[in-house]
Amino acid sequence: MTTGIRPDETVDRFAAARQVADAVLFEGYVLYPYRASAAKNRLRWQFGVLVPPGWTAAGAEHSHQRTECLMEPRSGARLSVELRFLHAQRRTVQRLCPDGEFETVDELELPDRVLVPWDEATEERLTLDAAVTELTGAGRTLPFTRPASEETEPVHDADGRLIGRLVRRRARIDGRIRLTASPLDGPYAALRLTATVENTGDWAPNGTADRTEALPHALIGAHLFLGLSAGRFLSLTDPPEWARTAVASCRNEHTWPVLAGEPGRADVVLSSPIILEDHPAVAPESPGALYDALEIDEILALRTAALTDQEKREARGTDPRAADVIALADTMPPEVLDRLHGAVRALREVTGPGPTAPGDQAPDVPGTRPDTPWWDPGGDRGVDPATDQITLDGRQVGAGSRVLLKPGRRRTDAQDLFLHGRAALVEAVLHDVDGGVHLAVTLEDDPGADIRREQGRFLYFQPDELAPLEDT
């Protein structure tokens, strides 16, 4: 559904951020090992699920998202909005009987896959374009409906004979988008933009209905694009000083807005149910969508390639996207897999580019040559963990010194808090690359201290978490 839209402008404005938005939309769509029978796939779609209001009392899901951010529009600016979500469709499998009728079955065998019942999803997209001046006061409201539907897909065997069909049913979804803008107090030409997405459907659970029954009526993975034709949005993560108080009063519910698109731009916001940083981007090493929520590409690719042939047949029959993951893992070149092992982007930014002229000598910066360690004990005599000392409460403390542990709550975990008041022996004084100091210690009453010392497995504390004790 489109209202006052300018398609070319919206596509261009959001294109740079769409890859990240796709990752948000399909996060957790199908989980490793990509089979409908896997226990992990019994609870899918954990992010951005907006259910009808009649279900919120029965479950932990919500019926709305609220985005609030600040913007500085220029004269004549227009706001483009795009809502994206998945619409679940229930797929059943039917076999063709000798009498020409179809019966519902638990699975249907094909040479390369096993078709089973499954909840697929189709992408839904709604767009709205309005002058910023139209958003003050009552603002703009866009109600929308996605009607119920049913469609069938024939299934043929290897010889082309009809042996069954897939039946896909979608339930009706009703919702609305509401946009309002109000000026900030003070001399600033800034507005507070509020964008609310609501599921307004009248479906309600009948007796003991569970989450599975609610999902076909829900907006899944719901998120918003917001774009200004002229002007800028302010970062909620790192706002200018004058806007910090106004940013702190912004109320975001079940979603979080960040600046999106290329770094340096501030005309696009992605409001996502997954908390992201400003200008998020998909790692260039990523070979493609793997869908499993928050897993690591390298591990997923290796484990997927190691599935048995039967497991891969079941995965291919579960969902077309699962079939794409199987194909991706099976055909991934070694050099692509090597790239998934990791990259240090911050180091590249610090060291900068290499020589620009044939005679230029590249600077000898640690980390620029993979065969050289970042710190060479034989080449850097300025520090020595075994002999370095620091001053604690006017006393010199180093390897062999006794200390009292007093971890604080501001930067430690619960396990360290249990060590409060215990005596320990300093094993080394360590200096990090940022100039910080850490002391490696072993507990005096730990019967396994000798083993930990031999293996180099120590506890680490900062100086203000320790107090010196008399040496024995």
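1. Overall content. The model is a predicted one. The protein contains 12 helices and 23 strands. Of its 472 residues, 44% are buried.

2. Contacts and surface. Among contacts with a separation of 6 or more, 69% are between residues 24 or more positions apart. The accessible surface amounts to about 24900 Å², and carbon and sulfur atoms contribute 51% of that area.

3. Strand 11 (residues 173-183) and strand 12 (residues 191-199) run antiparallel and are joined by 9 bridges. Arg176, for its part, has Glu198 in strand 12 as its bridge partner.

4. Is Leu215 buried or exposed? Its relative accessible area is 6%, and the cut-off for buried is under 20%, so Leu215 counts as buried. Apart from neighbours within four places in sequence, the residues in contact with Leu215 are Trp45, Val49, Ala88 and Ile220. Pro52 lies 163 residues from Leu215 in sequence, yet the C-alpha to C-alpha distance between the two is 9.5 Å.

5. The packing of helix 7 and helix 8. Helix 7 (residues 309-318) packs with helix 8 (residues 320-331) at an angle of about 140°, and their axes are 6 Å apart. Angles over 145 degrees count as roughly antiparallel and those from 65 to 115 as roughly perpendicular, the rest above that range being oblique; helix 7 and helix 8 are therefore oblique to each other.

6. The residues at this helix contact. Which residues of helix 7 meet helix 8? They are Lys312, Ala315 and Arg316, and on the side of helix 8 the residues are Ala322, Ala323, Ile326 and Asp330. By class, the residues of the contact of helix 7 with helix 8 comprise 4 nonpolar and 3 charged, with no polar ones.

How values were computed
Residues are numbered from 1 along each chain as its sequence is written. This is a predicted model: local features need pLDDT of at least 70, side-chain atom pairs count only at pLDDT 80 or more; totals for chains, interfaces and linings use all residues. Side-chain values use heavy atoms; hydrogens and water are left out. Helices (H or I, at least four residues) and strands (E, at least two) are DSSP runs, numbered from the N terminus. Buried means under 20% relative accessible area, exposed over 50%, partly exposed in between (1.4 Å probe, protein chains only). Contact means heavy atoms within 4.5 Å. Accessible areas come from the Shrake-Rupley method with a 1.4 Å probe; for residues, only the protein chains shown count as cover. Two strands pair if DSSP finds at least two bridges between them. Axes are lines fitted to C-alpha atoms, for helices over the stretch in contact, and angles run from 0 to 180 degrees between N-to-C directions. Angles under 35 degrees count as roughly parallel, over 145 as roughly antiparallel, 65 to 115 as roughly perpendicular and the rest as oblique. Ala, Val, Leu, Ile, Met, Phe, Trp, Tyr, Cys and Pro count as nonpolar, Asp, Glu, Lys and Arg as charged, and the others, Gly among them, as polar.
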